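Please have a look at the model first.

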Amino acid sequence: MDQIFFIGISLQGWITLVTVMSIFIVMARTRIPAVVAFLGALTVLLVTGIVTEAEGLAGFGSEPVVVHAAFFVVMAGLMQTGVLYWLTKHLLGTPKNYQQAIVKLMVPIASLAAFLNSVNVVALFIDVVKIWARKLSTQPSRLLIPLSYAATLGGTCTLLGNSSNLVISGLYADQTGKALNFFDPLIPGLFCTIVGTILVILFRNMIPRRESPETSFESTSDYTVELLVPTENEAVGLTTDEAGLRNVRGGSLIEIVRFDKEIIAPVPKDEFILGGDRLIYSGQINEILELKRTHGLVAADHHVYSISEIDNNRKMRTAYVGFGSDLIGSRMSSNEFERRTDITLVAVARQGKRVDEQPREVELEAGDTLLLECPPKDDTEIAQMTKGSLTFFDSHFIPQLGKKTIYSSVILIVMFLLSMLHILPLMATTMLAAGAMLILKCCRAQNVTRYIEWDLLLILGATVVFSTAITKTGIAAVIATGVLDICGHHPLLIMAVLCILASLVSELVSDVGASGVFFPIAYQAAIDLGCNPMPFVISLMLAVTTSFASPIGSSTHMLIYGPGGFKFTDFMKIGLWMHLFLLAANLLIVNIVYPL
């Protein structure tokens, strides 16, 4: 099969090319989660024999995967011992106006993202940005985009800052047998970060003003109705379904409060109605109030809910439907989410406005904000129950600072020093730091798995295997030769073409996927030209993270999409200019620092 060629590419090469390209199409055009698309493509490569089982397994034991897994443990220690809480509280200060807020936000965020990974930093500071927005009387969207951009740019400064940096670093080590220095991308990344910060300040009026979804949830009396069942009502003794009181026109029954204060939520269809029950509905108030006339119910004295508390037990929480969530395209009335998690949907907001429909019948979309009634469990337990479905950002966990805070801080500093001074490789230092966190009990071993992003690890492993397949089947050599034939033997032009293509692909898929696909092509082009591969490698690192015009191009953009109430096209207004200017800055600085 491998001897059949078409346009210089073998049959196995074409299978690989089509398989990898199908990931881009699936992620751009469907709601299939990214991890499913990546693992599905990996399965095709294994079944067709393009990669062996050993090569497939090697991807999941590669440096990017191991480093990320170990660093998740380190992050768990930093969170549980209060290091990140202390940084959040003391690092940013208080801005006096919007322009100052951009500077005070972007500079420290970019610095942190270089060492703590951009995704972790954005997740940590979303709530802080919301507080700033309220103090400055502006929309959170105007600060969330600078937050995401700063983290992405800062992450380009070190190997650990962005996941794509680690992928490219690992692939480079496989090809050359030499490990990149932790700070090899520092000067180009720092230059692009400075340029990017200046661009955000200059183009700040292009940042969209979107109402925060939480503004739709400020008064629960606006969308919940409490009705009382009289003792002699005909519904007494019937189930909620039999009485026609569960799913009603304009809303749904989300809770029953018994006369003895027992709370039933979610309400099963076979739950019996008793005299004196208080029925809590969510939805369109005017239509729900018709139940007073049609079913003989009466108005209760007051609303049960406040925005933060329900009978001191069940809590009102805000969550966001992320890209790749298994809830996208479904309705709460037809899935098992509420029954599985003991969480009840109360209201849905989309792009800053409450959806004026029966909440449980709303077809959910990426970016939707949900107001939920949650059981009395801590933030970590609830986040674990809903992982893969929802993301919560309204965490109120305040750790106790103490000697373990110092331990975890020292571990982090030693980890960076060992790597920067080349005493130990990055993979060894992160594993050592993770072990130290567990030994010194900076994080609990039984809870540490809750902090690990398993989907990301699977995607990273699959990406490494794709890169192996692209090199093994000769696709990298054929494409590199084709680019050379079209552009001539002009290294700067070829570098520019590859960076443009990689950055465009990363806008549609992700920086991780684009880095795995384009690294072997860029590296082969450098070898064919007889050039130092370093400028090609570093420019590719920067190019795949130059995905500012699309919310799906970066994990940090996906994190802020729901909290900011954004539309898909909002990122393009300022992001397109960021993309163009930063590509130019990338090519300029890389060729100064790493001459061809």
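Is the crossing of helix 8 and helix 23 left-handed or right-handed? The crossing of helix 8 and helix 23 is right-handed, meaning that the near helix is turned clockwise from the far one by less than a right angle.

## About the model

This is a predicted model, in which local features need pLDDT of at least 70 and side-chain atom pairs count only at pLDDT 80 or more, while totals for chains, interfaces and linings use all residues. Residues are numbered from 1 along each chain as its sequence is written, and side-chain values use heavy atoms, with hydrogens and water left out.

## Helix 8 with helix 23

Helices here are DSSP runs (H or I, at least four residues), numbered from the N terminus. The axes of helix 8 (residues 141-154) and helix 23 (residues 570-593) cross at roughly 25° and come within 12 Å; axes are lines fitted to C-alpha atoms over the stretch in contact, with angles from 0 to 180 degrees between N-to-C directions. That makes helix 8 roughly parallel to helix 23 (angles under 35 degrees count as roughly parallel, over 145 as roughly antiparallel, 65 to 115 as roughly perpendicular and the rest as oblique).

Ile145, Tyr149 and Leu153 of helix 8 make the contact with Phe571, Ile574, Gly575, Met578 and Leu582 of helix 23, where contact means heavy atoms within 4.5 Å. By class, this contact has 7 nonpolar, 1 polar and no charged residues (Ala, Val, Leu, Ile, Met, Phe, Trp, Tyr, Cys and Pro count as nonpolar, Asp, Glu, Lys and Arg as charged, and the others, Gly among them, as polar).

## The cavities

The structure holds 2 cavities of 30 Å³ or more. On a 1 Å grid over the protein atoms alone, a cavity is a set of points where a 1.4 Å probe fits but cannot get out, and lining residues have an atom within 4 Å of a point. Grid points are joined across faces, edges and corners, and a volume is the space filled by probe spheres set on the points.

The largest cavity has a volume of about 50 Å³, and its lining includes Leu153 and Leu582, both also named in the contact of helix 8 with helix 23. The second largest cavity holds about 40 Å³. Helix 1 (11-29), helix 17 and helix 20 each give two or more residues to the lining of the second largest cavity, and helix 1 has the largest share, 3 residues.

Key
1 Å grid on protein atoms, 1.4 Å probe; cavity = no way out; pocket = protein on both sides within 12 Å on 5 of 7 lines; lining within 4 Å.
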